[in-house]
Amino acid sequence: MNVFDLEKLNRKYECKSPKEIIQFMINKLGRGKIVLASSLSIEDQVLTKAILDIDKKARIFFLDTGRHYQETYDLLALTMDKYDFKYEVYTPQNRELQELVSNYGPNLFYKSTGLRKKCCYVRKIEPLKRVLSAADGWICGLRKEQSAARNEIDIFEWDEIYGIYKINPLAYWKEEDVWKYIHKENIPYNKLYDSGFTSIGCQPCTRAVTNGEDVRSGRWWWESHENKECGLHRA
Ligand code: SF4
């Protein structure tokens, strides 16, 4: 149950740094009850540094779908080494994954939106539910600028789906702010960004975009625009 005046908090923290926002929530919820969701995006890399600056034992989780790019796994290893910490890595349930691939084949996502969502459910949503069931708040790298739907987000939200707080410390950041911070702090990033990728998910479901295209247009590019979320976020 939400006990905060979120509107008031959002106005108070609108110009605060990610570290100040995260520190506030850790103080309120307790360090073991708040988790950072990392897909290793540039935004999540900024937040990883911010939360580790506060607490070297902070909980940062990664959903290993088994279908990521090698560059993503390389970055996972590099980030662990650079900051000397361990991710909580969650993988799909063996039995569900076996049934999924046995019944529909390894490339089911191209067959229909329904099957694509089934794959996202088994490889991402179910593991996410497991992580969030033991948390009171999750920190995400969403930014308003990323899509029309994400323009509705704010820094502090109550997530009705999971019944926990959702914290978006970069909600008001622009893409150029993120890159500036990445370079200034020498934060490692996924090398696919240098090849035209602007949003990086699983290898079969992500491709580079050309100038002027929406940042998320490289995700599930064969589907119509309104379907472009995997279910992790409503926006
Ligand atoms: S993004 Fe593609 S491969 Fe990854 S879980 Fe979703 S449908 Fe499956």
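Me: Which residues in α5 meet residues in α6?
Reply: In this predicted model, E96, L97, L100 and Y104 of α5 meet L115, K118, C119, V122 and E126 of α6. Sorted by class, the contact of α5 with α6 holds six nonpolar residues, no polar ones and three charged ones.

Me: At what angle do the axes of α5 and α6 cross?
Reply: Helix α5 covers residues 94-104 and helix α6 covers residues 113-132. Their axes cross at roughly 160° and come within 10 Å. An angle over 145 degrees counts as roughly antiparallel, and α5 and α6 are therefore roughly antiparallel to each other. The crossing of α5 and α6 is left-handed.

Me: How far apart are the axes of α2 and α3, and at what angle do the helices pack?
Reply: Helix α2, residues 18-29, packs against helix α3, residues 42-54, at an angle of about 55°, and the two axes are 9 Å apart. Roughly parallel needs an angle under 35 degrees, and roughly perpendicular needs 65 to 115. The pair α2 and α3 is therefore described as oblique. The crossing of these two helices, α2 and α3, is right-handed.

Me: Which residues in α2 and α3 meet?
Reply: From α2 come P18, K19, I22, Q23 and I26, and from α3 come V46, L47, A50, I51, D53 and I54. The residues in the contact of α2 with α3 divide into eight nonpolar, one polar and two charged.

Me: Is the crossing of α3 with α7 left-handed or right-handed?
Reply: α3 passes α7 in a left-handed crossing. The contact is made by I42, E43, Q45 and V46 on the α3 side, with V178, W179, Y181 and I182 on the α7 side. By class, the contact of α3 with α7 has six nonpolar residues, one polar and one charged. As for the angle, the axes of α3 and α7 (residues 175-184) cross at roughly 50° and come within 10 Å. The two helices, α3 and α7, are therefore oblique to each other.

Me: Now the strands. What order do the six strands of the open sheet have?
Reply: The order is β3-β2-β1-β4-β6-β5, and the pairing is mixed. At the edges stand β3 (88-90) and β5 (156-159), each with a single partner strand, so one side of each has no neighbour in the sheet. Neighbouring strands of this sheet are turned by 30° against each other on average, direction ignored.

Me: Do β5 and β6 run parallel or antiparallel?
Reply: They run antiparallel: four bridges join β5 to β6, which spans residues 164-167. One of the pairs to look for is D159 with its bridge partner I164 in β6. β5 and β6 form a hairpin with four residues between them. In the turn, G163 has a positive phi of about 65°.

Me: In which sense do β4 and β6 pair, and over how many bridges?
Reply: Strand β4, residues 137-139, pairs with β6 in the parallel sense over three bridges. W138 stands opposite K166 in β6.

Me: Last, the ligand. Which of the 13 residues around the ligand come nearest?
Reply: C119, C120, R123, C202 and C205 come nearest among the 13 residues around the ligand. The shell divides into seven nonpolar, two polar and four charged residues.

Definitions and conventions: Residues numbered from 1 in each chain as written. Predicted model: local features only at pLDDT ≥ 70, side-chain atom pairs only at ≥ 80, totals over all residues. Near = placed C-beta within 6 Å. Nonpolar A, V, L, I, M, F, W, Y, C, P; charged D, E, K, R; others polar. Axes fitted to C-alpha atoms, helices over the stretch in contact; angles between N-to-C directions. Left-handed = near helix turned anticlockwise from the far one by under 90°. Contact = placed C-beta atoms within 7 Å. Pairing = 2+ DSSP bridges.
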